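Please look over the sequence and the structure shown here before reading on.

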Amino acid sequence: MSSDGARAMSGIRTGLFPRVKAVAPECVWVHCSIHREALVVKKMPLSLTETMQECVKFINFIKSRPLNSRIFSALCKEMGSDHEHLLLHCEVRWLSRGNVLKRLIELKEEVSVFLEQNPPTSKDAIFEFKDRFHDANWLVKVAYICDVFDFLNNLNLALQGENVTIFKVQEKVEAATKKLNLWSRRIKTGNYEAFTMLTAFQKENNISFMPHDISALIQEHLQGLETNLKEYFPPINSNKEWIRNPFSINIETTFSDLNVESLIELSCDTALKDI
């Protein structure tokens, strides 16, 4: 049984889980996989967190003011852009930042022109870092965040659905940790091909060598994601393996005498083996 840990679901006395447990003693509670992934994603190096916060402030400077929003939309039309609006970020949906930052990096030229034509004043939140869109290293970090959040969004979708079991979740998470480990090792050799937005930005701006501090930052983040995924998604107890495949285990050493006879019949059912 999976839930987000709210008292109504997991409370000791009045929660749903203890009531289910009273009827089905073998029932096991696990924390919601989507919520666990969101907790994993929130842990980022300080430099990347600050970069994201600055991006959100740039977006708010344009989107939260109707006049700025209209001027920016008209500018995008004039420049023949594929999009005419930035996307607002919702704090509740943490992973939505991937789409928000992707739109920002796609409209980086338009945002840069807008800031030159409508410079922020000292009272604006973005005044201290208003020239970030001329900083290639800052844009590299934004492009990397777009790529990694796109990967995490796809993982998030893979953990949802009617037929997604705890075993399927574990398989998807294990595949994700192996990819993160592979990417981290590739970065040591200067290989960034797994990050499409980042490599596209490098080619667009003729960046042949990634600064060491940014390379180390990306590697630190990938290693942190791998570690946190393993922490929040620990391996499933081997005693539960019979649920996935009751035909490949030693029943007599796994179960009590009361359950062995029923499971022998199940494991010998050839019709089930063919499904």
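## An aromatic cluster

In this predicted model, four residues, Phe58, Phe129, Phe133 and Trp138, come together as one aromatic cluster. Within that group, the rings of Phe133 and Trp138 have centres 5.3 Å apart and planes at 65 degrees, so the pair counts as edge-to-face. Phe133 and Trp138 are both buried.

Trp138 has its place in helix α8, and its relative accessible area is 3%, which means that it is buried. Once residues up to four places away in sequence are set aside, Trp138 touches Thr51, Glu54, Cys55, Phe58, Arg132 and Phe133. Trp138 can also be compared with Leu48, which is 90 residues away in sequence, while the C-alpha atoms of the two are 9.5 Å apart in space.

## Aromatic pairs across the structure

How many aromatic pairs does a search of the whole structure find? The search finds 9 of them. One of these pairs joins Phe72 and Phe114, whose ring centres are 5.8 Å apart and whose planes stand at 85 degrees, so this pair is edge-to-face. Because Phe72 lies in helix α5 (residues 66-78) and Phe114 in helix α7 (residues 108-117), the pair ties together parts that are 42 residues apart in sequence. Phe72 is buried, and Phe114 is buried as well.

## The nonpolar core

The largest nonpolar core holds 57 residues, and the members that touch the most others are Tyr144, Leu198 and Leu222. Helix α8, which covers residues 136-158, supplies the largest share of this core, with 13 residues.

For Leu222, leaving out residues up to four places away in sequence, the residues touched are Tyr144, Val148, Leu180, Trp183, Ser184, Ile187 and Phe195.

## A buried arginine

Arg36 is found in helix α3, which covers residues 33-42.

The side chain of Arg36 does, however, reach the backbone oxygen of Tyr232 at 2.9 Å.

Asn99 is found in helix α6 (residues 97-106), and its relative accessible area of 46% makes it partly exposed. Apart from its neighbours within four places in sequence, Asn99 is in contact with Leu87 and Asn153. Leu87 is 12 residues from Asn99 along the chain, and the C-alpha atoms of the two are separated by 7.8 Å.

Asn206, by contrast, has its place in a loop, the one between α10 (196-204) and α11 (212-232). Is Asn206 buried or exposed? With a relative accessible area of 70%, Asn206 is exposed. Most residues other than glycine have a negative phi. The phi of Asn206, however, is near 55 degrees, a positive value in a residue other than glycine.

Conventions:
Residues are numbered from 1 along each chain as its sequence is written. This is a predicted model: local features need pLDDT of at least 70, side-chain atom pairs count only at pLDDT 80 or more; totals for chains, interfaces and linings use all residues. Side-chain values use heavy atoms; hydrogens and water are left out. Helices (H or I, at least four residues) and strands (E, at least two) are DSSP runs, numbered from the N terminus. A polar contact is a pair of N or O atoms within 3.5 Å; within protein, one must be able to donate a hydrogen and the other to accept it, and residues adjacent in sequence count only if both atoms are side-chain atoms. A nonpolar core is a set of buried Ala, Val, Leu, Ile, Met, Phe, Trp, Tyr and Cys residues joined through side-chain atoms within 4.5 Å. Buried means under 20% relative accessible area, exposed over 50%, partly exposed in between (1.4 Å probe, protein chains only). Contact means heavy atoms within 4.5 Å. Rings of Phe, Tyr and Trp (its six-membered ring) pair if their centres lie within 6.5 Å; planes under 30 degrees apart count as stacked, over 60 as edge-to-face and the rest as tilted.
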